[in-house]
Amino acid sequence: MDSHTTNLLLWVPLLPLLGAIINGFLTLFYAKSEHGAPKGLVSAVAVGAPLLAFFVSLKLFFELRGLDESARLMTQHVATWIQAGQLNVGMDFMLDPLSAVMILMVTFIGTLIHLYSVGYMSHDRGFSRYFTYLNLFTFSMLVLVLGKNLPMMFVGWEGVGVCSYLLIGFWYSDILKANAGNKAFITNRVGDFGFLLGIFFLFVYTMNHGGATLDFVGLKAFFEAMPKGEALTITVATTAALLLFIGAMGKSAQVPLHVWLADAMAGPTPVSALIHAATMVTAGVYMVARCNFIFGLSPLAQTVVASIGALTALFAASIALTQSDIKRVLAYSTLSQLGYMFVGVGIGAYSTGMFHVFTHAFFKALLFLGAGSVIHAMHEEQNLWKMGGLKAKMPITFATMGIATLAIAGIPPFAGFFSKDEILLHAFAHQHYVIYGVLLLTAAITAYYMFRMFFLAFYGTPRDKHRVEHAHESPWVMTLPLVVLCAFTVFVGFLGLPHIWGPNLFGEWLAPVVGTSAVHVSLGLEYGLMGLSVLVAVIGISIAYARYGKATPATEPTRTVWWEVLKNKYYIDEFYDAVLIKPLRYMARVLLNKGTEENGIDKAVNEAPRVYASISGAVRTLQNGLTRSYALMMLVGAAVIAVYYILKFDTLH
């Protein structure tokens, strides 16, 4: 594919970086000021940076769209980064239909979240520090999606990891919040180790077989040249794909590396919206779609990706059934929807998986920002069992969250219906019947727990009358993003219509990068599957309405054993604590702390002065300042020398 060069690509990530630098300097300059940096200036810089990046992205999108379909690739070489032996890595950016979708999504939704944050964080002492991190987060994500080679992607990959650590633990004086940041950071390092091994493996293998490359275009050409279906090709592709997927599991919180995402709710709510909707957690799905030319060669790797995705979808949805924290319900719904996305890319329907990434970004950002609006009105209360009756108090939040809840439940014509239904259709059409059944069951559970959350928050009698009586709608700076996201939640699904209803514009746009993913089933079967997915969603909503919509109980229902298991997230955290964390802490304490440090290094350091003191004490007796002692030593020395020479003389003769 011919590529076109441009000088604009760099500006897409550079603008948010400039925003972070400016706000970083303002934070330092006003560090000792009682009121901190001027909020108006900080807000203008923070919101303006991603907004300008969005306009640049929009211009680049239309330029790319104007090119011939087979030539939609724009690149920019900024500098040579690493050059050693056969390793030649450039600081290069690449825009193709896949990355174009991502930068539009990141900059547009990111701008709305920045704007919303101006109102949400207005009373926080760390206002400018927060926006420094948020701009830096946006910059890192844009580097990740625009990177032309794996090392550049990894720079952005690590950047979002560091920024998530800073933002999740933003209120670091609270030890629980600080620990949540640590947990996210450490869990992601496990996945990153696999990702790095995958990069090393690809470099070494391509170096030994025709020329080292880590460039996506070069890697694609390399794998396309390998003989299809042969054992060596499959083995190489499987090894590389599975190593890369470990990284995706960490970043996108798939089982068993899912444990950090729910605890990430410790950060400010707009951060949750950014992480869950448009940036970090989608990185894993994007990476698999970007490396489709590797995953597509390995049936085993594809099966692993789809199976892990299906397992995570059901696993997380079941946990969400019992959560009482509004943000945790949404966190587990993200985990579950990410599972759907991985099923999409795992069964080879890459554009379908990415379409769910795209639609999910809008309604999940809306749900999190809506939850933030509720929390803001309830004076930081997040427990659903202390809410209720907010419908009349917060009409804009109520209406927009209601539409987002319908979308994630899969009710037409909202965005989630189109993308989720397409994944279900592909799973069935490709004869993954078990996965299809799991996803269909998950769809019913999703509809139930999402409307359980919605009814508990907005319907029924207020369970904390004092807080609810004083609740009010959020300011315009927070409700405007809700309305905009709501409009997109209604309409973006039409970009990916089922082929029986019209053209799938989203799939056609991504086809040059990820191929086509159309399925051919009978009209009756497609309508039947579509009707079934809507039916299970309606059943889930109906049960939720019967239990919580008409007459909401004042307290949580009676607990059962299974309820306790789900409430405690299958005790996975406790299992990790017992099997990994405690043994490692014990080893650190006994072997490293006591064994090496206390009995080794500390003892050596502490004993050394005593040894030197003993030696110096012995030597000091030789120089006691007494003339008779020196005379005696001279006499003894002369006697020793005399005896030595006498004995030596006798030996020679």
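**Figure 1. Leu52 in helix α2.** Leu52 is partly exposed, at 46% relative accessibility. The classes are buried (under 20% relative accessible area), exposed (over 50%) and partly exposed (in between), with a 1.4 Å probe and protein chains only. The residue lies in helix α2. Helices (H or I, at least four residues) and strands (E, at least two) are DSSP runs, numbered from the N terminus. Leu52 and Val536 are 484 residues apart in sequence, and their C-alpha atoms are 43 Å apart in space. This is a predicted model, in which local features need pLDDT of at least 70 and side-chain atom pairs count only at pLDDT 80 or more, while totals for chains, interfaces and linings use all residues. Residues are numbered from 1 along each chain as its sequence is written, and side-chain values use heavy atoms, leaving out hydrogens and water.

**Figure 2. The whole protein chain.** The chain has 25 helices and 3 strands. Its C-alpha atoms fill a box of roughly 120 × 70 × 55 Å along the principal axes. Of the 653 residues, 55% count as buried. Contact means heavy atoms within 4.5 Å. Among contacts with a separation of 6 or more, 80% join residues 24 or more positions apart. The accessible surface comes to about 27,500 Å², and carbon and sulfur atoms hold 68% of this surface. Accessible areas come from the Shrake-Rupley method with a 1.4 Å probe; for residues, only the protein chains shown count as cover. The chain carries 40 positive and 35 negative charges, with mean positions 8 Å apart. Lys and Arg count as positive and Asp and Glu as negative; His and the chain ends are not counted. Each charge is placed at NZ of Lys, CZ of Arg, CG of Asp or CD of Glu.

**Figure 3. The salt bridge between Lys59 and Glu63.** A salt bridge is a side-chain nitrogen of Lys or Arg within 4 Å of a carboxyl oxygen of Asp or Glu. Side chains of opposite charge can pair when their charged atoms come close. Here the closest N and O atoms of Lys59 and Glu63 are 3.2 Å apart. Because the two residues are 4 apart in helix α2 (residues 39-65), about one helical turn separates them. Lys59 is partly exposed, at 45% relative accessibility. Glu63 is partly exposed too, at 32%.

Figure 4. A search of the whole structure finds 13 salt bridges. Asp174 is partly exposed, with a relative accessible area of 29%. Lys177 is partly exposed at 22%. Arg467 forms a salt bridge with Asp464, and there the closest N and O atoms are 3.1 Å apart. Arg467 is partly exposed at 25%, whereas Asp464 is buried at 18%. Salt bridges also link Lys183, Asp263, Arg328, Lys569 and Asp573 in a network.

Figure 5. Glu526 sits in helix α22 (residues 523-549). Beyond its neighbours within four places in sequence, Glu526 is in contact with Leu425, Pro498, His499, Ile500 and Val521.

**Figure 6. Lys364 in helix α15.** The helix spans residues 350-377. Lys364 is buried, with a relative accessible area of 0%. Neighbours within four places in sequence aside, Lys364 is in contact with His276, Ala277, Leu330, Ser333, Thr334 and Ile408. Lys364 and Ala407 are 43 residues apart in sequence but 9.4 Å apart in space, C-alpha to C-alpha.

**Figure 7. A nonpolar patch on the surface.** Phe575, Val579, Leu580, Ile581, Leu584, Tyr586, Met587 and Leu591 form the patch, with about 770 Å² of accessible area together. Patches are made of residues with over 30% relative accessible area and no salt bridge; like charges are joined within 9 Å, and nonpolar side chains (Val, Leu, Ile, Met, Phe, Trp, Tyr) within 5 Å. Leu580 belongs to helix α24 (residues 572-620). This leucine is partly exposed, at 45%.

**Figure 8. Phe193 in helix α6.** Helix α6 covers residues 175-208. Phe193 is exposed, at 55% relative accessibility. Phe193 and Gly250 are 57 residues apart in sequence and 9.7 Å apart in space, C-alpha to C-alpha.
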